[in-house]
Amino acid sequence: MTSCSTPYAAGYRLEPPPAVPVLGPADCHVWWADPATVTDACLALLDEVEQDRIPQLRRTEDRQRFIAGRALLRTAAAGYLGLPPQWVEVVARCPDCARNHGKPELPGTGLQVSVSHSGSRVAVAVTRAGPVGIDVEEISASVSPAELLPHVLGPAEPRTPAHVTTSGFHRMWTRKEAVLKATGQGLRVPLSEVGVSAPEEDPRVLFLGGPAAVPAEDFALADLEAGAGCAAAVAVIGGGQPVFTAYSRSRPSAAAFSAGPPRAAGPGR
């Protein structure tokens, strides 16, 4: 397969980039798709490094989510940049090893991005306002909030009855992961080092410790509507108060889009 960084031969017909909304300096756009809609056209958007990674993912659904995330990222970014999706260079560097599995970056574009996927949801956040992190989680009834809370809540965080409900627990979890993904640290920092408001309160960062320490007031944090059976949140660092807007595509490589997240097939999907 031709790498996205390799110039195309003379006479190659370039498809126009997909249309996207205007991304202003204070905007953060969240793109949604269902990984079950992955097609060969989505796979063709991945570069050689990404294609080499696919066989390392054991489960079919994990491979679909990975393909969907990278295809959706390129499709959305292509419209902002005025490029064909296959020309969008995606770099992922892990600070702990040489593998291509760190936070994705789009070098030289001025776009800050983050990708997350769980269940029947893949989400991509794109902004120019500052480093961004997004997290979506399928709400699982098998999770025991009461058992996990001592390892997830920081000692200075408020604890309310909502924390021990499955929906409240997942809301808190996605807020914390979004914050850590924005810093680029991810789960290398314990979730107890991140303090966020209680699930029933408006989302905000209370504190952030460890190697990822950033003043709490530098974060803009928002809960996202991810559809039935899912929780999601997005965080932006140093961007004031961004305007968060959601869009979805019928499949990750589709040109057309609509407002909001994709419809789930049913609760828990």
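Modeller: Here is the sheet, then its helix, then a serine and the aromatic rings.

This is a predicted model. The average pLDDT over the chain is 88, and 88% of the residues score at least 70. Two stretches call for care. Residues 1-13 have a pLDDT below 50, with 18 contacts in the model beyond near neighbours in sequence. Residues 265-269 also have a pLDDT below 50, and there the model has 9 such contacts.

Now the sheet. It is open and has 3 strands, in the order S6-S10-S9. The pairing is antiparallel. Strand S6 (132-138) and strand S9 (219-224) are the edges, each pairing on one side only. From one strand to the next, the twist averages 15 degrees. Strand S10 covers residues 230-237 and pairs with S6 over 7 bridges, in the antiparallel sense. Take Gly133 as a reference point: its bridge partner in S10 is Ala235.

Helix H5 (residues 166-183) packs on this sheet. The helix touches S6, S9 and S10. Its direction makes about 150 degrees with that of S6.

Phe169 has a relative accessible area of 2%, so it is buried. Trp173 has 22%, so it is partly exposed; the cut-off for buried is under 20%.

Next, Ser116. This residue sits in strand S4 (residues 112-118). Is Ser116 buried or exposed? Its relative accessible area is 5%, so Ser116 is buried. A polar atom of the Ser116 side chain lies 3.0 Å from the backbone nitrogen of Val136. Leaving aside residues up to four places away in sequence, Ser116 touches Ile134, Asp135 and Val136, among others. Its contacts also include Lys181, along with Arg121, Val122 and Ala123.

That leaves the other rings. The whole structure holds 4 aromatic pairs. Trp31, Tyr247 and Phe257 form one aromatic cluster.

To recap the part you asked about: the strand order is S6-S10-S9, and H5 packs on the sheet, touching each of S6, S9 and S10.

Note on methods: Residues numbered from 1 in each chain as written. Predicted model: local features only at pLDDT ≥ 70, side-chain atom pairs only at ≥ 80, totals over all residues. Heavy atoms only, no water. pLDDT = per-residue confidence, 0-100. Contact = heavy atoms within 4.5 Å. Helix = DSSP H or I, 4+ residues; strand = E, 2+ residues; numbered from the N terminus. Buried < 20%, exposed > 50% of the residue type's maximum accessible area, 1.4 Å probe, protein only. Polar contact = N/O pair within 3.5 Å; in protein donor to acceptor, adjacent residues only side chain to side chain. Pairing = 2+ DSSP bridges. Axes fitted to C-alpha atoms, helices over the stretch in contact; angles between N-to-C directions. Phe/Tyr/Trp six-rings, centres within 6.5 Å; stacked < 30°, edge-to-face > 60°.
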